Amino acid sequence: MGCCCSKNNYEEDGHIRFRVIDGRRYHNISNSEYFVANDGEEADRLRRYHDALKTIWGGLFHSPIEEKLKKGARVIDLGCGTGTWLLDMSRHYPKSHFIGIDFSPIFPTENLPPNVEFIQYNILDGLPFTDSNFDFVHQKFMVAAFTQAQWKEKVIPECLRLTRPGGWIEFVESDAILMSDGNATQRIANAIQSFMSSKGLNHKIGEDIPRLLEITDAFTEIRNKKKPVTLGKKGGRPGQETLIFLTRGMNTIRVWLSGAMNIMPEHYDALVEAISFEAEKTHTYVNQYRICGRKKDRI
Ligand SMILES: C[S@@+](CC[C@H](N)C(=O)[O-])C[C@H]1O[C@@H](n2cnc3c(N)ncnc32)[C@H](O)[C@@H]1O
């Protein structure tokens with residue numbers, strides 16, 4: 001399947017589409033604080049983690065929507081990345097229709113299954129769908145995508161608007177920092193936390209999503225699960241894959257973090273490398289979350 005990772009860096013009107021810094025490509029969208037790369041290397045990182053995450057959580061979703069999906073449901077994945085989750089879902093539920101949204105064109109564009117569409121769009125601009133359009137609204141790993149205010153004022157209200165009464169919303173999240181006694185792990189964790197809070201981003205948004213859903217008073221049921229995932233060999237194959245996923249993620253933000261920490265990029269690389277050694281010596285883990293909510297029949 002082709003994807004548009006390799007398209008040039010300019011819009012038709014000459015506007016710069018992407019910024020290429022330190023050998024990595026980033027979006028150039030003014031109302032977004034998202035700081036992770038959007039190039040082929042990042043696409044590979046996202047794709048590779050799909051199977052491990054399925055093992056960690058025992059499947060593709062937790063909302064009780066299996067029967068509806070078998071009969072035919074409308075599903076949207078916000079911030080779909082490479083679309084790997086959506087494509088897997090589309091194979092299991094051929095009668096359902098799946099739409100993936102991402103402002104970075106790292107999703108496939110050719111040979112799509114007939115029940116899958118991808119749209120390049122910024123969630124923060126409000127989505128081009130009428131109210132109550134979807135039976136299932138899904139969003140995964142968007143901790144670095146929205147500020148705390150954007151989650152509350154734009155993202156949750158938009159998810160709610162798109163969900164039909166009685167439909168389900170599901171968020172899968174990970175803390176953006178690792179927990180460990182290791183020195184290098186703690187140094188990087190502290191730096192990520194201060195870098196994110198300087199941008200108004202909440203590095204533990206997964207912990208706050210249930211409260212953000214509750215205050216809308218629009219749900220009949222909210223289910224909330226937190227899972228500490230042990231990294232490295234002690235965590236088995238999923239733990240090893242999670243460590244790779246997260247340290248590769250740290251590589252994509254080297255330009256921002258080494259600057260914020262006031263250290264040379266090579267020093268930053270050495271600290272990220274040390275995280276993998278520390279994970280084998282001490283207990284290192286990351287908290288993941290899965291939050292599901294059923295929209296009230298009447299609000
Ligand atoms: C960490 S990736 C997760 C991708 C995918 N959900 C997954 O789990 O593999 C976050 C994605 O959100 C997208 N994103 C961030 N802010 C966005 C926004 N305002 N509108 C649309 N997509 C956004 C990024 O381009 C990136 O593909």
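## What you're looking at

This is a predicted model, so to speak of local features pLDDT must be at least 70, side-chain atom pairs count only at pLDDT 80 or more, and totals for chains, interfaces and linings use all residues. Residues are numbered from 1 along each chain as its sequence is written, and side-chain values use heavy atoms, with hydrogens and water left out.

## Around the ligand

Now for the polar contacts (N or O atoms within 3.5 Å). Asp102 puts a polar side-chain atom 2.6 Å from a ligand oxygen. On the backbone side, a polar atom of Ile123 is 2.9 Å from a ligand nitrogen, and one of Phe103 is 3.2 Å from a ligand nitrogen. The protein covers 95% of the 600 Å² of accessible area (Shrake-Rupley, 1.4 Å probe) that the ligand has on its own.

Mean pLDDT (the predictor's confidence in each residue, from 0 to 100) is 94 for the protein chain, and 95% of its residues reach 70 or more. Residues 1–7 are another story: pLDDT stays under 50 there.

How values were computed:
A polar contact is a pair of N or O atoms within 3.5 Å; within protein, one must be able to donate a hydrogen and the other to accept it, and residues adjacent in sequence count only if both atoms are side-chain atoms. Contact means heavy atoms within 4.5 Å.
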